[in-house]
Amino acid sequence: MTTLALYSNKGGVGKTTAAVNLAYLAAQSGYTTLLCDLDPQAAATFYFRVKPKLKADARGLVGVRKELERSIKASDYTGLDILPADFSHRNLDITFDRSKRSRQRLGSALKRLRREYDLIVLDCPPTINILAENIFNASDHLLVPVIPTTLSVRTFEQLLSFLAENKHDLKQVSAFFSMVDRRKNLHKQVMSEMYEQFSNVMQNPIPTLSQIELMGVYREPVSAFSPRSAAARAYKALWSELKEKKMFS
Amino acid sequence: MDFETWLADNYEFVVEAPGVDAWRIFDTFDWLLFNRAMMLRRTGSEFALVALNGGTIRNCEIRGGDPVFARDFPEGVLRSDLARIINERALFPLAEVYVEETSYRILDDEQKTVARLIRTQVRGEGDEFGGADSASFLGVRTLRGYEKHARRLAKELAAWGEGLNSMDEAILLSALRMAGQTPNSYSSRLDVRLKPEMRADAAARAIMQRLLETIRANEEGIKADTDIEFLHDYRIAVRRTRSALSLIKGVFSPEMTDHFKQEFRTLGKFTNDLRDLDVYLLAEEGYRAQLPGAMKNDIAPLFDYLRAHRVVALDAVTETLESEAYARTLDEWAAFLNESTAVDSAVNASQPIISLARKRIRKQYQRIVQDGSFILSHTEDELLHALRIECKKLRYLLEFFESLFPPRKMGQLIKQLKRLQDNLGEFSDLTVQQNYLLAVAEALDIDEVLARRALVSTGFLVETMARRQQEVKSEFAGTFTKFASPAHQRQFHRLFGSGKGRRKI
């Protein structure tokens with residue numbers, strides 16, 4: 001099993017749409033996939049039409065792991081399950097303290113699912129707090145969406161140095177360009193600079209496209225409701241590149 | 001009213017366009033998957049290993065021909081799960097059917113799918129959906145996290161009068177029926193149901209009849225070299241027959257008993273070489289793993305030699321199996337087993353089988369306890385080998401007469417005996433293996449550099465085995481003491497005692 005985290009410490013960079021579409025494409029190509037919505041804004045959960053759970057289990061009676069297993073919901077697509085946002089909202093952020101064990105909590109909870117899923121995709125909230133550390137510890141790969149602007153590149157650099165300082169054993173951190181507008185010279189320039197500076201930038205960018213925004217209306221991955229669109233093709237290319245890099249066992 | 005109308009009255013749903021798949025269903029000769037409530041199927045290039053009780057599904061993709069062994073599958077969960085169940089057995093395509101699935105997605109008020117109602121139609125080659133031999137079922141597919149919705153749908157459908165099926169199981173059973181396959185048409189288990197009051201000679205014949213079926217059922221697979229388990233099952237059945245002839249004493253005339261004992265001794269021998277080679281070739285990886293890094297590949301010439309020999313050994317076995325003499329022996333044996341049992345040709349023939357069974361098991365157990373106790377103070381290798389044989393005899397007796405005694409107690413006794421057998425078996429295997437490897441190494445061409453290196457690595461393996469053998473030997477005392485414990489002796493006495501007083505056995 002492989003755990004892939006879509007992570008950025010900036011919000012609104014196309015993280016959730018990428019997580020949703022990559023998870024969908026993974027399931028379509030035969031990987032039994034779990035998409036974990038760790039973002040309290042619950043966008044991924046919304047895209048899959050999963051209703052938020054109103055009644056919380058009596059806390060303390062069931063452990064985090066048990067409740068994790070109970071919270072998982074099937075999506076409308078074969079091979080793709082969702083861990084809705086309300087699970088992490090209730091169980092992760094608030095219960096973390098600063099102890100060493102609490103940094104591994106997400107990882108050890110997910111370990112139980114190893115035999116069930118080939119791939120776990122984490123859609124993460126834009127934070128650098130203890131939840132982020134949990135995410136780093138639980139993930140095999142960190143995939144970071146970067147809008148090709150000077151500020152975003154700086155943020156990516158900061159993330160890399162933070163990970164290095166905190167000795168996170170990530171096999172791979174990769175960036176991919178998100179919300180790219182090819183008409184903007186700045187975007188083109190930043191992209192070519194970044195390709196020069198970093199080796200771990202994916203070759204297939206995700207452009208800004210209106211079909212991606214339509215996901216909120218259709219409440220489906222764009223790869224499902226419009227599989228031949230430019231947007232779907234872009235995600236497909238990114239997915240293929242991830243697969244070629246042999247990120248998934 | 002058909003169910004679609006009913007559904008429309010009660011639920012909001014979307015019908016997906018039906019899809020037809022050709023299913024090819026696999027199992028091993030001895031139905032290992034079926035007996036674990038599993039199904040392996042191929043649809044196009046996709047393989048799925050399905051737990052029929054609604055558990056997990058493992059998938060993988062294979063283009064090209066059907067795989068035969070678990071090792072032919074791409075590495076992954078499907079392969080490891082499959083390997084755990086079928087081990088070295090080959091897979092056969094059992095049945096081929098067309099399956100049409102129409103999925104009715106039941107929606108909630110967010111238009112989210114919360115359950116799937118599936119209409120499945122199955123037909124064989126040359127038939128059509130709705131045809132005379134085709135089958136059709138309705139089933140509910142539960143979606144994770146939406147179990148309540150599926151339960152409600154199933155309950156309401158049942159109340160309306162529509163029975164539901166477990167899909168995969170229903171499809172499997174109809175596919176088998178359409179292909180004319182009977183589940184468990186072969187099993188290596190000696191499952192003979194004996195009655196306590198049965199005449200001893202009739203019981204012996206029933207056991208041997210069953211063993212003869214096993215012998216014959218495996219001949220084709222040995223000749224076709226489908227997998228190595230055909231030969232293994234064949235040999236066990238031959239050995240059991242020979243043991244039955246000598247262990248179930250006095251049920252046939254001494255002349256006939258001696259005659260067939262001799263025949264089965266011969267039948268036991270002609271497959272020895274081939275089985276030895278199978279065992280060593282199977283252990284190749286294990287041997288390699290025991291060698292230090294620099295030597296890992298040195299052992300290769302030894303196994304190349306064994307592989308070449310196996311071709312010859314298989315030819316020899318096939319030749320015997322196809323010979324007239326072989327056919328005559330088995331025909332003669334079959335005719336003997338079919339003879340009427342009315343004549344009291346031997347001393348124990350008309351005894352009820354239960355008393356003979358008790359007596360034989362009791363005596364054999366006593367003998368092992370005595371021999372083993374002697375070994376505790378005289379641990380000589382030969383004595384351990386001899387004790388192994390006696391344990392094997394007891395094991396056979398327990399298996400022959402299993403159906404006469406309470407199953408749970410028999411299970412326990414066999415388990416305890418097995419522990420002792422494992423210890424003795426490993427000890428003896430290690431002796432045999434050391435001698436065998438040394439003999440094979442001697443046959444290699446010493447002028448070749450590769451052969452010389454193979455010799456060195458063989459020496460290393462033999463030394464490792466000798467060391468392990470000492471450990472196994474030292475474990476004997478503990479294992480045996482448990483086996484011969486007073487509690488265990490009482491258990492044997494209670495089950496197999498003669499009933500004449502509380503004589504200690």
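Two strands count as paired here if DSSP finds at least two bridges between them, and helices (H or I, at least four residues) and strands (E, at least two) are DSSP runs numbered from the N terminus. This is a predicted model, so to speak of local features takes pLDDT of at least 70, side-chain atom pairs count only at pLDDT 80 or more, and totals for chains, interfaces and linings use all residues. Side-chain values use heavy atoms, with hydrogens and water left out, residues are numbered from 1 along each chain as its sequence is written, and chains are lettered from A and ligands numbered from 1 in the order in which they are written.

View 1. Look for strand E1 (residues 2–6) of chain A, which runs parallel to strand E5 (residues 119–123) of chain A and is joined to it by five bridges. Across that pairing, A:Leu4 sits opposite A:Val121 in E5(A). E1(A) also pairs with E6(A), again in the parallel sense, over three bridges, and there the bridge partner of A:Leu4 is A:His141.

**View 2. Strand E2 of chain A, from the inside.** Which residues of E2(A) point one way, and which the other? A:Thr33, A:Leu35 and A:Asp37 go one way, A:Leu34 and A:Cys36 the other, and all are buried. As a rule, side chains in a regular strand alternate between the two faces of the sheet. Buried means under 20% relative accessible area, exposed means over 50%, and partly exposed is in between (1.4 Å probe, protein chains only). Five of the five residues of strand E2 (residues 33–37) of chain A are buried, so the strand is largely enclosed by the rest of the structure. Four bridges tie E2(A) to strand E4 (residues 80–83) of chain A in parallel, with A:Leu83 in E4(A) as the bridge partner of A:Cys36. Toward E5(A) there are five bridges, also parallel, and A:Leu34 faces A:Ile120 there.

View 3. A disulfide is a covalent bond between the sulfur atoms of two cysteines; the cut-off used here is a pair of cysteine sulfur atoms within 2.5 Å. Searching the whole structure turns up zero disulfides over all chains.

**View 4. Strand E6 of chain A and its neighbour E7.** Strand E6 (residues 141–146) of chain A is mostly covered, with six of its six residues buried. A:His141, A:Leu143 and A:Pro145 point one way, while A:Leu142, A:Val144 and A:Val146 point the other way. E6(A) pairs with E7(A) in the parallel sense over six bridges, and A:Pro145 stands opposite A:Phe176 in E7(A).

View 5. B:Pro67 sits in the loop between strand E5 (57–61) and helix H3 (77–86) of chain B. Is this proline buried or exposed? At 7% relative accessibility, B:Pro67 counts as buried. Leaving out residues up to four places away in sequence, B:Pro67 touches B:Phe47, B:Ile62, B:Asp72, B:Phe73 and B:Leu91, where contact means heavy atoms within 4.5 Å. B:Leu91 is 24 residues from B:Pro67 in sequence, with 7.6 Å between their C-alpha atoms.

**View 6. Two positive phi values in chain B loops.** Most residues other than glycine have a negative phi. B:Ala37, not a glycine, has a positive phi of about 55 degrees; its place is the loop between helix H2 (32–35) and strand E3 (38–43) of chain B. B:Ala37 is partly exposed, at a relative accessible area of 29%. For B:Gln111, phi is near 65 degrees. B:Gln111 is found in the loop between strand E6 (92–107) and strand E7 (113–124) of chain B and is partly exposed at 34% relative accessibility.
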